[in-house]
Amino acid sequence: MLTAPTLHCVRLFNGIIESAADRLGFHNRRYPIFFVRQSTLMCAKRELRLNMHAMKAIAIIAVLLLVVVNALELLPAASAFQMYLSGGAVALSLVALIAILVGRGPSRDNRSAGAEAARPMPVTTRANQADAEIVSFLAMLQTRGRLVDFLMDDINAHDDAQVGAAARVVHAGCKTALLEHFRISPVRAESEGSTVQVAAGYSPDEYRLLGKISGPAPFSGVLVHHGWKTDAVNLPRVLRSSTDRLPAIAPAEVELR
């Protein structure tokens with residue numbers, strides 16, 4: 001059975017809906033009935049929320065009174081009323097327990113339902129997409145500079161002149177591919193071997209401090225390597241034709257006869 005505030009809310013909302021329906025030309029009675037059901041549900045949820053807040057307030061008041069009663073039991077002058085105070089403490093404990101259980105039950109269910117709804121889905125597709133894009137960039141280095149061929153080959157079987165000639169091809173092709181997709185610049189513009197200052201609050205990924213480190217920054221030292229960084233990445237997006245395997249780095253070449 002709906003309470004008086006609920007019926008009043010339903011009548012008021014139904015009147016608004018019927019007025020809007022008359023202005024828009026809707027005369028089908030199914031629309032107001034639908035919205036009445038929606039408004040009834042909203043009012044019921046609002047009343048449930050208010051009841052939960054009321055139970056929490058009752059629980060807090062009961063706990064405070066229980067603390068007061070326990071404090072009074074410690075007074076020597078209250079020994080004559082020990083039986084009444086003990087009974088009051090038990091009653092307040094029961095009231096607080098009931099209010100806590102009633103007030104927390106629905107909210108706990110709502111939080112559980114919200115947690116289930118907000119639980120993220122597995123991101124295996126995104127991880128596979130990232131892996132595919134890494135393989136795609138490796139394929140570019142292979143196409144431009146034969147990097148994978150150079151690294152996977154046994155260079156011990158070749159003399160230094162052959163390795164040097166192959167390294168020039170790998171260097172030129174891979175550098176071209178790298179500069180096409182990354183904007184690379186040194187971390188420090190000074191020449192290697194010069195004395196530089198490392199300011200306080202430096203980025204740990206941009207500096208590796210060598211030697212004996214004592215005290216807080218700033219530090220002064222000799223630049224051994226100027227480092228590299230990038231502030232722009234422009235890798236092409238990969239459209240995967242299969243989700244159960246990664247794309248090939250380089251296809252096998254077969255000459256038909």
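## Largest pocket

The largest pocket of this predicted model holds about 590 Å³ of space. Its lining comprises 23 residues, of which Y207, R208, L209, L210 and V222 are the closest to the pocket centre. The search runs on a 1 Å grid over the protein atoms alone; a pocket is an open set of points where a 1.4 Å probe fits, with protein on both sides within 12 Å along at least five of seven lines, and a lining residue has an atom within 4 Å of a point. The volume is the space filled by probe spheres set on the points, which are joined across faces, edges and corners.

Strand β3 supplies the largest share, 4 residues. By residue class, the lining of the largest pocket divides into 12 nonpolar, 6 polar and 5 charged residues. In this division Ala, Val, Leu, Ile, Met, Phe, Trp, Tyr, Cys and Pro count as nonpolar, Asp, Glu, Lys and Arg as charged, and the others, Gly among them, as polar.

## Basis of the model

Residues are numbered from 1 along each chain as its sequence is written, and side-chain values use heavy atoms, with hydrogens and water left out. The model is predicted, and local features need pLDDT of at least 70, side-chain atom pairs count only at pLDDT 80 or more, and totals for chains, interfaces and linings use all residues.

## Overall architecture

The protein has 6 helices and 4 strands. From the N terminus on, the elements run α-α-α-α-α-α-β-β-β-β. Helices (H or I, at least four residues) and strands (E, at least two) are DSSP runs, numbered from the N terminus.

Of the 257 residues of the protein, 19% count as buried; buried means under 20% relative accessible area, exposed over 50%, and partly exposed in between, with a 1.4 Å probe and protein chains only. Among contacts (heavy atoms within 4.5 Å) between residues at least 6 apart in sequence, 69% join residues at least 24 apart.

## Strands β2 and β3

Strands β2 and β3 run antiparallel and are joined by 4 bridges; two strands pair if DSSP finds at least two bridges between them. In β2, V196 and V198 form a covered face, whereas T195 and Q197 form an uncovered one. V198 stands opposite F219 in β3.

## Aromatic pairs

Rings of Phe, Tyr and Trp (its six-membered ring) pair if their centres lie within 6.5 Å; planes under 30 degrees apart count as stacked, over 60 as edge-to-face and the rest as tilted. By this rule the count comes to 3 aromatic pairs. The ring centres of F137 and F182 are 5.4 Å apart and the planes stand at 75°, so this pair is edge-to-face. The pair links distant parts of the chain, with F137 in helix α4 (residues 124-145) and F182 in strand β1 (residues 182-186), 45 residues apart. F137 is buried, at a relative accessible area of 14%.

The rings of Y202 and F219 are also edge-to-face, because their centres lie 6.5 Å apart and their planes are at 70°. This pair too links distant parts of the chain: Y202 is in the loop between β2 (195-198) and β3 (219-222), F219 is in strand β3, and 17 residues separate them. Y202 counts as partly exposed at 28% relative accessibility, whereas F219 is buried at 17%. Together with Y207, Y202 and F219 form one aromatic cluster.

Helix α4 contains Q142, which is buried with a relative accessible area of 5%. Not counting residues up to four places away in sequence, Q142 touches L147, V148, D149, I249 and A250. R144 also has its place in helix α4 and is partly exposed, with a relative accessible area of 39%. Under the same exclusion of residues up to four places away, R144 touches G173, T176, A177 and E180. The C-alpha atoms of R144 and H171, 27 residues apart along the chain, are separated by 9.6 Å.

L178 lies in helix α6 (residues 160-181) and counts as partly exposed at 33% relative accessibility. L178 touches F137 and I184, not counting residues up to four places away in sequence. From L178 to M140 the C-alpha distance is 9.1 Å, although the two are 38 residues apart in sequence.
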